[in-house]
Amino acid sequence: MTRTIKIVWVVVFLAVLLVGIPAFITISERWDLYYTLTSVALLSIASGGVWLTFYIGRINIGQGAYALMGGYVSAILVVKYDVSFWLTLPLAGLFCGAASVLIGLPILRLRGVYFAMITLVLTEVARLLMLALPITNGAKGITSIPLPEAVKIFGLTLIPDFATLSNVKPAFYYLSVVLMILSFAALYRLVNSRLGKLCRSLQQNEELASSIGVNIAYLRVIAYVISSFLGGIGGATFAAISQSVYPSSFTIADSINFMLNCFLGGLGYVFGPMLGTLVLYFGWDLLFQTGEFQLLIFSTVLIALILILPNGLLSVRFNKVSRESAGRE
Amino acid sequence: MSELLQVIGLTKRFGGLTAVNDVTFSVQELEILSVIGPNGAGKSTLFKLIASFLRTSSGEVRFRGERISNLAPHITARKGVVRTFQETTIFKGMTVRDNVVIAHHLRSKASLFGYFIGSPVAMRDEQEFGRSADQILEFLGIGEIKNEIASNLPQGHLRALGIAIGLSTDPTVLLLDEPFAGMNHDETRHAVEMVRSVRDRGVTLLLVEHDMSAVMNISDRIVVLNFGEKIAEGTPAEIQRNEKVIEAYLGIEDESIGL
Ligand SMILES: Nc1ncnc2c1ncn2[C@@H]1O[C@H](COP(=O)(O)OP(=O)(O)O)[C@@H](O)[C@H]1O
Ligand SMILES: [Mg+2]
């Protein structure tokens with residue numbers, strides 16, 4: 001794609017997200033869409049992180065652990081230490097990033113199904129930890145989290161106190177969408193810089209990468225930290241929106257969904273997880289009427305999609321353009 | 001000439017099997033030294049030990065007097081000792097040019113964060129790597145296929161790409177494990193010239209190779225391994241006359257070691 005076409009796409013995309021959708025919701029009075037789309041935005045941030053670990057050749061089914069951790073870090077800081085939500089957001093990300101260094105160093109040596117299994121277990125361990133730790137309040141979780149406060153610089157209100165808003169839904173929508181835009185802009189930049197090539201060199205051949213002088217252990221941890229950071233801020237924002245967090249807020253099912261979002265959108269495309277999350281989330285909702293068959297139909301369609309489009313939904317649109325970046329071992 | 005690389009009493013045991021047994025030799029600056037020996041003699045293991053892909057059981061490798069064994073591969077590479085693989089290893093899903101560009105990693109001056117934000121140093125690096133990659137590809141005669149996806153290449157081009165990747169790291173010593181395997185006669189002749197010209201660029205070369213006529217043609221000196229032990233060392237002419245070597249290769253067609 002040429003530069004101008006790219007810019008046009010970005011402008012259209014931003015306009016739809018920031019103007020089009022809110023306008024549509026106001027006109028059609030489908031206020032419920034705000035909640036749905038806010039969730040999609042936050043889940044795609046977490047999925048974007050998982051996508052990055054895929055990009056270095058690791059199947060990550062542990063993002064739920066970091067989303068949960070991020071939710072609790074923010075909730076505890078807000079409720080028990082009276083810290084502003086806006087400060088807890090990056091802190092939750094950083095906390096998850098730091099935790100993922102400790103966790104990642106030993107487990108990132110594993111590959112394939114071994115890494116995948118360990119990360120799966122990680123989600124469950126996180127849930128049990130939140131049940132057991134003294135500070136997390138066990139199964140009752142942390143509830144009645146105050147809404148985000150105002151952000152003021154020199155008396156100038158940058159962000160109003162969410163509690164004073166007549167309708168808080170659009171505020172959370174904008175917050176989540178802006179976070180999503182920033183996260184994916186960063187991922188896009190990463191993947192299209194030399195860093196992205198380095199990540200792909202790990203995905204394709206770690207041994208060769210180390211023989212050309214790449215510190216593979218370091219690079220793997222960096223990618224994993226970014227991934228967990230995204231999981232953390234996604235989880236923290238979720239906790240703020242639902243004003244609560246429980247050990248079961250993010251479970252193995254969520255971890256699996258984060259991974260499926262990436263598969264569905266396409267592992268070779270940085271915007272894949274965004275599309276994947278949207279389709280999967282709405283697909284699941286649409287099937288709600290089918291009652292007991294919901295899961296059956298859902299899984300069948302998913303399997304069929306993955307078989308028909310192994311490189312994800314985006315491979316249809318961009319097949320020619322980025323055949324190379326989609327090429328996986 | 002000076003001793004660039006010293007292999008001293010190097011030993012590697014896998015359980016009960018001693019794959020490399022007390023091997024000692026040294027490599028002079030700018031020479032082409034070949035390691036030969038029957039299958040399973042321990043040649044690939046020897047290379048892996050030199051490049052820190054395996055930990056030694058005992059003994060050590062010195063490069064300019066400094067121990068380089070039992071480090072991590074990327075650290076040994078940073079010091080200037082780089083190994084290519086017996087199996088054709090490349091980054092399959094990337095273009096030929098991207099393979100070579102990425103292999104310039106050791107020459108990068110910018111930090112990872114610098115690459116992320118596109119700092120001036122990073123931009124300069126990228127330009128420089130691109131230019132150097134094109135030059136290396138031209139030099140090895142694979143410039144016209146630089147936009148091909150590497151997994152689509154025929155064997156001969158794959159080997160050339162492997163060497164291009166090795167060269168991109170700007171090595172002092174390059175270890176080539178079976179660089180001519182799977183090539184036909186003409187391709188081998190061309191590749192032998194290629195390896196010579198790599199040496200003429202100032203690279204000291206160690207190679208493992210089965211094609212005996214190529215080995216005899218290209219090597220300054222030869223080290224012969226059998227069951228993990230060094231049984232001979234010398235010029236190609238000396239090796240061809242060596243009783244132990246002839247014995248080790250008994251049962252193998254005479255002409256295959258160029259006798
Ligand atoms: N990772 C390993 N574990 C166990 N045995 C090995 C390993 N690598 C090589 N070997 C054994 O060591 C011996 C030497 O192997 P290798 O160095 O590959 O021989 P060459 O390259 O000379 O054909 C062989 O008997 C091989 O089976
Ligand atoms: Mg071998």
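How many residue pairs are in polar contact between chain B and chain A? The count is 10 residue pairs, both residues at pLDDT 80 or more, where a polar contact is a pair of N or O atoms within 3.5 Å; within protein, one must be able to donate a hydrogen and the other to accept it, and residues adjacent in sequence count only if both atoms are side-chain atoms.

This is a predicted model, in which local features need pLDDT of at least 70 and side-chain atom pairs count only at pLDDT 80 or more, while totals for chains, interfaces and linings use all residues. Residues are numbered from 1 along each chain as its sequence is written, chains are lettered from A and ligands numbered from 1 in the order in which they are written, and side-chain values use heavy atoms, without hydrogens and water.

**Interface of chain B and chain A**

- The two chains bury about 2700 Å² between them, 66% of it on carbon and sulfur atoms; buried area is the accessible area (1.4 Å probe) that two parts lose on being put together, summed over both.
- B:F91, B:L112 and B:F116 supply 24% of the area that chain B buries against chain A, more than any other three residues.
- Chain B brings 32 residues to the contact and chain A brings 26 residues, contact meaning heavy atoms within 4.5 Å.
- The rule finds 1 salt bridge across this interface, a salt bridge being a side-chain nitrogen of Lys or Arg within 4 Å of a carboxyl oxygen of Asp or Glu.
- The side chains of B:D98 and A:K197 form a salt bridge at 3.7 Å, N to O.

**Helix α12 of chain A**

- Helix α12 (residues 294–308) has 15 residues and reaches 21 Å from its first C-alpha to its last, close to the 21 Å expected at 1.5 Å a residue; the expected span is 1.5 Å times one less than the number of residues.
- Helices (H or I, at least four residues) and strands (E, at least two) are DSSP runs, numbered from the N terminus.
- A:Q294, A:F298 and A:L302 are buried in α12(A), with buried meaning under 20% relative accessible area, exposed over 50%, and partly exposed in between (1.4 Å probe, protein chains only).
- Seen down the axis of α12(A), the buried residues fall within an arc of 50 degrees, so they line one face of the helix; the arc is that of the directions from the helix axis to the C-beta atoms.
- These buried residues pack against α10 (252–265) and α11 (272–286) of chain A.
- The face turned away from the buried side carries the exposed residues A:L296, A:I303, A:L307 and A:I308.

**Residue A:Q203**

- A:Q203 lies in helix α7 (residues 194–204) of chain A and counts as buried because its relative accessibility is 11%.
- The side chain of A:Q203 reaches the backbone oxygen of A:Y55 at 3.3 Å.
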